[in-house]
Amino acid sequence: MLSLLFAAFFVAPSAPMTADVPTLLLMIIVTSLVTSGALLVLNGNQRNDGLQYWAGGLLLSALAHTLLLLYGRIPYLLTIVLGNALLSSALAGFWLAVRRFHGLALHWARTLAPVTVIAVLMWLFQHQFASRVVVSGFMLSLQAALVLWVLRQRSLGAAQQRSRGALLLVCGLGLIVLTMLLRAGAALFFSLNIASILQSNLVQTLTFMVSFLATLVSSFGFVFMAKERADQANLRLASQDPLTGAANRRALMQALETELARASRQHTPLALLMVDIDHFKRVNDHYGHLAGDHVLRHMVGVLRQRLRASDVLGRYGGEEFMVLLPGTDLHGAAQLAEHLRQAVQAAPCEWQGQHIPFTVSIGVAASADTPADPSRTSEALLQAADQALYRAKDDGRNRVALA
């Protein structure tokens, strides 16, 4: 069956599905150049997402296909040796782009090794067409497979990291791997012979048509990956406090409404803690505002270590923070609040070789597990926790008060 497929798609000399090869090459060249230019404009001054390497790979691909288009008009070795080396360089550029996108080290020796190997082999087999096709096919498919391997490890290995952009990129690179392997297999097992690279037959039509499609699909995939990352970064900026990394007030209010609605549906309690740093103005006045910022970040770290994944910690305003505790009643919230208060007191903030001791006051409020409970509104719960917090401060600070 495999032999029949090879024969049907790669050997049939009179197959009707053919196209003008120079036209296909020109399409690949123009597409690569336009896409590369668009990526460079899109990338701007950024150098951390790999777009510049992908654009460079497209430029090398355009140059390689230009040499193929000029076959017969330029020295033979330029087309055979330099053309294949440039195709290998293009895939090396894609490999660098994916590694840079995921923050991996750029191993230049590993990057240039396949390019050098394929150039040497093309020179050695310059007069052996079938050997050239087999070698270039396997080498180029291996390079594309290496890019897929990086994607598999970094983009598709965890469900939370999966993206449509990565899937598109996998499809584009998969097309390259499949085409190169089938082309190499046809040359290895059948009497595949092409009088000219520009000859319009089924082999060349399929090869360059798939190359054209793979260029579009993989490039769109990489751009979508960059866009998805930018969207995630914008979402974090919209929901995170830039100083502490905790949720900001807007995100807190949204989480509070969401958790209240869930608690009402499931008939479960919901607790809220209001945490305020005692005498924070003294910290700023004595140690400076940079030290005060460091204290805020330090306290968030201390609290996070003692909260569950389902709990929500955010900055309510200034030195005041809020903690949402789904499924927690007033008694459980009070115990946790006391544990958090003691943890903060026992962990002074280190700043420029000195320790900055500080304490917190915590107000605790909770809604009951009955839907008719009047405290099951965000306003009521916030007001109750806020009143408890001020009572803790009035009673001398560094303490927990219950609503």
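Me: Ala, Val, Leu, Ile, Met, Phe, Trp, Tyr, Cys and Pro count as nonpolar, Asp, Glu, Lys and Arg as charged, and the others, Gly among them, as polar. So what classes make up the lining of the largest cavity?

Reply: Its lining has 19 nonpolar, 12 polar and two charged residues. Bear in mind that this is a predicted model, where local features need pLDDT of at least 70, side-chain atom pairs count only at pLDDT 80 or more, and totals for chains, interfaces and linings use all residues. Numbering runs from 1 along each chain as its sequence is written, and side-chain values use heavy atoms, without hydrogens or water.

Me: What makes it a cavity?

Reply: On a 1 Å grid over the protein atoms alone, a 1.4 Å probe fits there but cannot get out. The volume is about 610 Å³, and Leu68, Leu87, Leu140, Met180 and Phe208 are the closest lining residues to the centre.

Me: Why is serine 88 called buried?

Reply: Buried means under 20% relative accessible area with a 1.4 Å probe, protein chains only; serine 88 has 0%, so it qualifies. Serine 88 sits in helix 4 (residues 76-101), a DSSP run of H or I with at least four residues.

Me: Which residues does serine 88 contact, neighbours within four places aside?

Reply: With contact meaning heavy atoms within 4.5 Å, they are Pro114, Val115, Ile118, Leu140 and Gln143.

Me: How many residues are in the largest nonpolar core?

Reply: There are 44, with Val98 and Trp54 among those with the most contacts inside it. Helix 4 gives the most, 13 residues. Such a core joins buried Ala, Val, Leu, Ile, Met, Phe, Trp, Tyr and Cys residues through side-chain atoms within 4.5 Å.

How values were computed. Helices (H or I, at least four residues) and strands (E, at least two) are DSSP runs, numbered from the N terminus. Buried means under 20% relative accessible area, exposed over 50%, partly exposed in between (1.4 Å probe, protein chains only). On a 1 Å grid over the protein atoms alone, a cavity is a set of points where a 1.4 Å probe fits but cannot get out, and a pocket is an open set with protein on both sides within 12 Å along at least five of seven lines; lining residues have an atom within 4 Å of a point. Grid points are joined across faces, edges and corners, and a volume is the space filled by probe spheres set on the points.
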